[in-house]
Amino acid sequence: MEILKVEGVNKSFGGLRALNNVNFKVEEGAVHAIIGPNGAGKSTFLNCMIGRLAPDTGTVMFGDISLTGMKPHEINQVGVSRVFQTPEIFGDLTLLENVMIPYLAKRDGEFALHAFKRVDQDGETRDKAMHMLEDVGLAEKKDVTSESLSRGDKRRLELAMCLSQDPKLLLLDEPTAGMSRADTNNTIDLLKRIGDRGITKVVIEHDMHVVFSLASKISVLAQGAIIAEGKPEDIKGDPRVQEAYLGGAHI
Ligand code: ADP
Ligand code: MG
């Protein structure tokens, strides 16, 4: 069954056509990667799916819910979570506090920081948040202020925040961008480990090697259009894909 179905999405920035009639389907339970060179339109596409950008034309369906025209927090509340290229965490809060926030957002809609005190006293929320930190291997740092974390740890924290919303669909934009090789491998391992929760994942990557061991299906985006789609082994040898990456030298 399809959990996500995007049809005929176009998006231009002035004279630049960033997305050119994109059609895209994700099967429930899949780990579906979107790869493509820098500037291909990957982040623009993700932003169109999560309501940060309005497509000029086209529709985005999540099951039988139309996400087109919905606000980001509304899309979030129907079960779609996303991890951005730059982690969105509250630097002056501790790890535990950060992970408690999404429970409030999920319960009360758009997050309001002034309501935080109330959550902080909620024992059940605290327990859930603690379990989540254990899951991503950050339990020992629960009382540390999150701005002091390494890039990899910040990404893991953001992932914990997403998972605590119990999403049906998780979208990740270059989850290993800017990470050391060790942090990259840890993050890939973590993404594999969370695979058994029944969360469908869409992973956007420009480094093909990151997704080959993760993805069950790959779509290749180049110059705003999907140019190839298939299993990782098929995509690897596809001459169109190699051509799209020429100059990027990431193959
Ligand atoms: P990717 O994530 O694949 O690297 P992006 O989606 O960020 O690519 O960008 C696709 C193209 O659209 C690029 O040429 C980029 O410069 C342009 N672009 C992205 N966002 C904007 C914007 N807000 N305004 C103008 N141009 C943009
Ligand atoms: Mg991008």
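Predicted model: local features only at pLDDT ≥ 70, side-chain atom pairs only at ≥ 80, totals over all residues.
Residues are numbered from 1 along each chain as its sequence is written, chains are lettered from A and ligands numbered from 1 in the order in which they are written, and side-chain values use heavy atoms, with hydrogens and water left out.

View 1. Polar contacts are pairs of N or O atoms within 3.5 Å. A backbone N or O atom of G39 lies 2.8 Å from an oxygen atom of the ligand. The side chain of K42 places an N or O atom 2.8 Å from an oxygen atom of ligand 1, and for the side chain of T44 the corresponding distance is 2.6 Å.

**View 2. The largest cavity.** A cavity is a set of points on a 1 Å grid over the protein atoms alone where a 1.4 Å probe fits but cannot get out, and its lining residues have an atom within 4 Å of a point. The count comes to 1 cavity of 30 Å³ or more, and about 40 Å³ of space lies in the largest cavity, the volume being the space filled by probe spheres set on the points, which are joined across faces, edges and corners. Its lining consists of G152, R155, R156, L159, L172, P175, M179, T187, L190 and L191.

View 3. Helices α6 (151-163) and α7 (181-193) each supply at least two lining residues, and α6 gives the most, with 4 residues; helices here are DSSP runs (H or I, at least four residues) and strands are runs of E (at least two). Because domain 1 (1-79 + 169-251) and domain 2 (86-166) both give residues to the lining, the largest cavity lies between them, the domain bounds coming from an automatic or database domain assignment.

**View 4. Two residues with positive phi.** N21, in strand β2 (residues 16-27), has a phi near 50°, a positive value in a residue other than glycine. Q223, in the loop between β9 (217-222) and β10 (225-230), is likewise not a glycine and has a positive phi of about 45°. N21 is partly exposed, with a relative accessible area of 44%, whereas Q223 is exposed, at 72% (buried is under 20%, exposed over 50% and partly exposed in between, with a 1.4 Å probe and protein chains only).

Notes. 1 Å grid on protein atoms, 1.4 Å probe; cavity = no way out; pocket = protein on both sides within 12 Å on 5 of 7 lines; lining within 4 Å. Polar contact = N/O pair within 3.5 Å; in protein donor to acceptor, adjacent residues only side chain to side chain.
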